Amino acid sequence: MCLCPMVTISSHNPNDRISVLYSNLRVYASYNYQQITLSSPIPPVYQGHNDVDVWSPYLSGDGIPIAPFLGQMLTEDEADGYFFLWVKVEGKLKWRVGSWTSGFYQLFVNCPAYLLFDRGGGGSNSGGGVESAVGIKFQQVSTCSVDV
């Protein structure tokens with residue numbers, strides 16, 4: 001099974017005097033403490049005073065080796081109808097105040113996502129039974145923890 005979500009991440013700089021320079025940003029998804037997608041890079045960005053930046057990286061999990069127990073856990077979560085996925089952002093940032101620029105700081109962002117399995121109705125299959133499509137929907141928007 002491939003969990004290949006497109007996520008939307010926004011960053012707001014509420015400061016009137018400090019700007020932020022982001023570099024080497026990578027976004028990936030984690031399920032039960034294991035990375036399940038490739039890291040998707042975000043281009044370097046300068047975030048000025050009171051700016052908001054929005055990124056929508058596509059996360060792909062094809063070809064990522066995962067522990068065998070994760071398949072069983074995902075099957076159990078699907079039977080329960082929901083699961084938790086963590087969207088993680090890692091990279092570096094610098095602060096800029098006037099003409100002074102700091103050194104690099106490591107950035108770690110962890111965003112919990114509560115997801116529901118959506119079982120849509122389907123038509124009849126060739127065996128005479130009812131076919132059911134399964135999709136995944138975000139249940140709610142949540143805030144992220146940020147460590148610098």
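A nonpolar core is a set of buried Ala, Val, Leu, Ile, Met, Phe, Trp, Tyr and Cys residues joined through side-chain atoms within 4.5 Å. Buried means under 20% relative accessible area, exposed means over 50%, and partly exposed lies in between (1.4 Å probe, protein chains only).

This is a predicted model, in which local features need pLDDT of at least 70 and side-chain atom pairs count only at pLDDT 80 or more, while totals for chains, interfaces and linings use all residues. Residues are numbered from 1 along each chain as its sequence is written, and side-chain values use heavy atoms, with hydrogens and water left out.

## Core

The largest nonpolar core holds 26 residues. Those with the most contacts inside it are Ile9, Tyr22, Leu25, Val27, Tyr31, Phe83 and Leu85. At least two core residues come from each of β2 (18–31), α1 (68–80), β7 (82–97) and β9 (105–120). Helices (H or I, at least four residues) and strands (E, at least two) are DSSP runs, numbered from the N terminus.

What does Leu25 touch, leaving aside residues up to four places away in sequence? Its contacts (heavy atoms within 4.5 Å) are Ser40, Pro41, Ile42, Trp55, Val89, Glu90, Gly91, Lys92 and Leu107.

## Strand pairing

Two strands pair if DSSP finds at least two bridges between them. β2 and β7 run antiparallel and are joined by 11 bridges. Ser19 has Arg96 as its bridge partner in β7.

β7 also runs antiparallel to strand β8 (residues 100–101), with 2 bridges. Val97 has Trp100 as its bridge partner in β8. β7 and β8 form a hairpin with 2 residues between them. In the turn, Gly98 has a positive phi of about 60°.

Strand β1 (residues 9–12) pairs with β6 in the antiparallel sense over 4 bridges. Strand β6 (residues 52–55) has two faces: Asp53 and Trp55 are on the covered one, Val52 and Val54 on the uncovered one.

Ser19 is in strand β2. Is Ser19 buried or exposed? At 1% relative accessibility, Ser19 is buried. Its side chain makes a polar contact of 3.3 Å with the side chain of Tyr46. A polar contact is a pair of N or O atoms within 3.5 Å; within protein, one must be able to donate a hydrogen and the other to accept it, and residues adjacent in sequence count only if both atoms are side-chain atoms. Not counting residues up to four places away in sequence, Ser19 touches Asn13, Tyr46, Gln47, Gly48, His49, Lys94, Trp95 and Arg96.

Thr37 is in the loop between β3 (34–35) and β4 (40–42). Thr37 is buried, at 0% relative accessibility. A polar atom of its side chain lies 2.9 Å from the backbone nitrogen of Ala29.

A salt bridge is a side-chain nitrogen of Lys or Arg within 4 Å of a carboxyl oxygen of Asp or Glu. The count by this rule is 1 salt bridge. Glu90 and Arg26 form a salt bridge, with the closest N and O atoms 3.3 Å apart. The pair links distant parts of the chain: Glu90 is in strand β7 and Arg26 in strand β2, 64 residues apart.

A disulfide is a pair of cysteine sulfur atoms within 2.5 Å. The whole structure has 1 disulfide. The disulfide joins Cys111 to Cys144, S to S 1.9 Å. This pair too links distant parts of the chain, 33 residues apart. Cys111 is in strand β9, and Cys144 is in the loop between β10 (133–138) and β11 (145–147). The torsion about the S-S bond of Cys111 and Cys144 is about 110°, so the disulfide is right-handed.

The relative accessible areas of the linked residues are as follows.

| Residue | Relative accessible area |
|---|---|
| Glu90 | 21%, partly exposed |
| Arg26 | 32%, partly exposed |
| Cys111 | 10%, buried |
| Cys144 | 34%, partly exposed |

## Positive phi

Most residues other than glycine have a negative phi. Asn24 has a positive phi near 55°. Asn24 lies in strand β2 and is partly exposed, with a relative accessible area of 46%.

Asn50 has a positive phi of about 60°. Where is Asn50 placed? Asn50 is in the loop between β5 (45–47) and β6. At 41% relative accessibility, Asn50 is partly exposed.
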